[in-house]
Amino acid sequence: MTASTTRRNLTLAVVLLTWVSLALPATAQQQSTPAPPPPAKEEEVPFWAVGKPKTGPGAAMAPVPAFPIATPADKLPIAKMKVPPGFKVEVYAANVLDARGLRQGDKGTVFVSSNFVAGKIYALVDKGGKREVKTLIEKLELPNGIEFHKGSLYVATPKAITRYDDIENKLDSPGDPAKVYDQLPGDIPHGWKFIKIGPDGKLYVPVGAPCNICDPPSDKYAHIRRINLDGSGMEIVARGVRNTIGFDFHPRTGELWFTDNQRDWLSEDLPQDELNRLTKPGQEHFGYPYCHQGDFADPELGWGKACGDFTKPAALLGPHSAPLGMRFYTGKMFPGQYHNAIFIARHGPWNRTKKYAADVVVAFLDKTGRVNKIEPFLTGLVENNGYLGRPVDVLVLKDGSLLVSDDHNGAVYRVSYSNK
Amino acid sequence: MRGAALAALVLLTAAPPALAASFDERAAACLACHGPNGQSLIPETPSIGGQPFFFVVAQLFLFRRGGRSNPVMTEVAKPLTDADLRAFGEWVSKLPPPPPPTGTPDAPSLERGRALAQRRPCASCHNPDFSGREQMPRLAHQREDYLLKSMREYQRGTRIGYGAAMTEELHGLSDGDLQDLAHFFAHLPRP
């Protein structure tokens with residue numbers, strides 16, 4: 001049995017279980033003691049669960065798992081993927097279990113991070129047109145964040161950032177890393193990282209909210225900070241950021257743009273996830289946990305707050321769509337309209353009964369730097385309300401083609417363009 | 001108790017590859033700790049009967065790659081192939097679910113646990129009857145001590161699972177809350 005047929009069977013099983021479970025609550029309730037629940041203690045009232053559906057399809061939402069075995073190359077959903085005319089998608093590398101973050105080294109090595117499932121960093125090495133998948137580092141805790149800079153690979157876990165020097169000459173034995181930074185709270189929820197070095201030479205590091213919805217101190221959580229490459233000089237550049245797993249710097253202005261995943265359990269269509277633009281580092285608050293999507297005050301924590309007091313998103317990316325990696329297109333292969341446009345990987349929602357997204361979209365900016373439209377770019381991975389694949393990160397290769405990672409299948413795809 | 005676990009470990013790891021044990025022999029070794037029919041009699045050792053296929057595969061996978069730590073299970077999982085993961089997953093998922101424990105539950109704790117389980121989104125993932133599905137385990141009639149141990153590990157982040165959902169969902173609960181939840185799931189009345 002292949003991983004994909006297993007998944008299909010599992011999906012079927014879930015559908016059946018869901019169907020069966022819908023019939024259960026009535027019976028369960030008849031049996032339960034009619035005594036009213038005891039008065040709740042302050043700390044055990046989960047305000048985010050207020051209004052959470054107790055029955056129906058909304059009550060049966062759960063994180064969508066990938067099978068812990070990568071999909072074989074010949075079973076990857078290449079034929080299902082749709083891209084605009086002139087573009088082509090191919091498998092760049094298969095058997096990259098839990099493929100998440102993407103970076104390219106100076107010598108062409110593609111580094112791939114992973115997260116919960118694999119806990120590894122891989123190196124994809126070109127071997128006569130085919131990619132060899134090397135496990136570079138393993139047994140890491142949620143090593144989602146990676147960056148390549150001046151010969152070194154930076155690796156971020158929820159607790160610490162380390163650096164492997166001269167990595168492309170040490171692919172068979174990277175050795176022990178140097179410590180860069182360990183002043184991170186280390187919480188698991190929204191603790192996994194996306195990291196990137198900005199045009200100012202500083203390392204940008206987000207610290208997510210340690211919860212779905214809560215109001216933690218903003219100098220400790222729910223912000224993006226930057227540090228010098230030796231770990232010194234920490235300063236917070238953006239506050240009110242719930243969980244960003246993708247950002248990049250505008251190639252011309254140097255401004256930080258980032259995706260942000262908004263809260264769960266409110267409703268099928270609220271709130272929308274965000275694309276944000278930071279114009280005044282250190283001075284802007286993007287709303288979490290008080291105001292979501294720029295215009296929607298949180299039903300609990302938003303009282304007494306005005307959405308107008310927070311920086312509004314540059315664009316909305318759909319409810320629970322889970323936008324993750326994003327990159328400005330700086331290559332020369334794609335047509336001119338894509339120059340400095342933003343490619344954004346949307347992982348696709350779990351906290352929504354109707355699944356969608358699981359795609360790559362492209363945001364086009366006008367001359368003033370505003371988003372004037374967002375178009376689908378790579379689609380076709382949603383079928384029968386389930387996912388055939390789930391994009392996580394994008395990377396513009398030196399040849400101008402675009403890599404897309406897919407943690408659901410454990411694969412990396414390459415999108416290229418030819419007008420011939 | 002620990003002796004039984006170690007004996008099983010020796011049984012599993014002592015056989016040289018050339019004399020690899022049959023599936024039935026290896027399955028019997030599982031039950032040395034996890035109990036007859038997968039219903040555990042050993043403190044802090046889970047009942048495995050009726051756990052979902054995906055959950056079992058995912059846990060064995062995590063033990064194998066070092067993403068979940070337990071002295072016995074880490075050794076047990078090391079030599080397992082991907083095909084073994086599937087085979088054990090299918091076998092475990094077909095063992096009968098554990099029956100409710102004997103003995104009278106503590107009514108106030110049970111009620112507090114029930115109220116908490118209703119306000120939290122537990123049933124959303126684990127099903128309204130807490131039978132589990134996909135990567136999410138069956139909670140109904142699991143050993144109370146094991147449920148409590150697991151929730152404490154999730155809350156402290158020493159166990160992460162196949163995603164961060166549990167560390168997030170248990171955020172802000174007191175240890176007393178976890179005890180009430182464990183008591184409720186362990187003694188869940190049959191519908």
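Visitor: How many bridges pair strand β7 and strand β8 of chain A, and in which sense?
Guide: Four bridges, in the antiparallel sense, with β7 covering residues 152–156 and β8 covering residues 161–164 of chain A. Strands here are DSSP E runs of at least two residues, helices are H or I runs of at least four, and both are numbered from the N terminus. Two strands pair if DSSP finds at least two bridges between them.

Visitor: What sort of model is this, and how is it numbered?
Guide: It's a predicted model, where local features need pLDDT of at least 70 and side-chain atom pairs count only at pLDDT 80 or more, while totals for chains, interfaces and linings use all residues. Residues are numbered from 1 along each chain as its sequence is written, and chains are lettered from A and ligands numbered from 1 in the order in which they are written.

Visitor: Back to β8(A): which residue there is the bridge partner of Tyr154(A)?
Guide: That's Arg163(A).

Visitor: And which sheet are those strands in?
Guide: An open one of four strands, ordered β6-β7-β8-β9 in chain A, with antiparallel pairing. Its edge strands are β6 (145–149) and β9 (178–181), each pairing on one side only. Neighbouring strands are turned by 25° against each other on average, direction ignored. For such angles, axes are lines fitted to C-alpha atoms (for helices, over the stretch in contact), and angles run from 0 to 180 degrees between N-to-C directions.

Visitor: What about β4(A) and β5(A), what do they form?
Guide: A hairpin, with two residues between the strands, and Gly128(A) in the turn has a positive phi of about 55°. Strands β4 (121–127) and β5 (130–137) of chain A are antiparallel, with seven bridges. Tyr122(A) sits opposite Thr135(A) of β5(A).

Visitor: Which strands make up the five-stranded sheet in chain A?
Guide: The order is β10-β11-β12-β13-β17, an open sheet with mixed pairing. At its edges are β10 (196–197) and β17 (284–285) of chain A. Inside that order, β12 (223–227) and β13 (235–239) of chain A run antiparallel and are joined by four bridges. Across from His223(A) you'll find Arg239(A) in β13(A).

Visitor: OK, switching to chain B. Where are its domains?
Guide: Domain 1 is 2–37 + 47–94 and domain 2 is 107–186, with bounds from an automatic or database domain assignment. Nine residues of domain 1 of chain B and eleven of domain 2 of chain B take part in their contact. In contact means that the C-beta atoms of two residues, placed from the backbone, lie within 7 Å.

Visitor: How do helices α6 and α10 of chain B pack?
Guide: At an angle of about 95°, with axes 7 Å apart; α6 is residues 107–119 and α10 is residues 175–186 of chain B. That's why α6(B) and α10(B) are roughly perpendicular: the label covers 65 to 115 degrees, with under 35 roughly parallel, over 145 roughly antiparallel and the rest oblique.

Visitor: And α3(B) with α5(B), what angle do they cross at?
Guide: Roughly 135°, and the axes of α3 (53–65) and α5 (82–94) of chain B come within 8 Å. So α3(B) and α5(B) are oblique to each other. Among the residues making the contact are Phe53(B) and Leu60(B) of α3(B) and Phe88(B) of α5(B).
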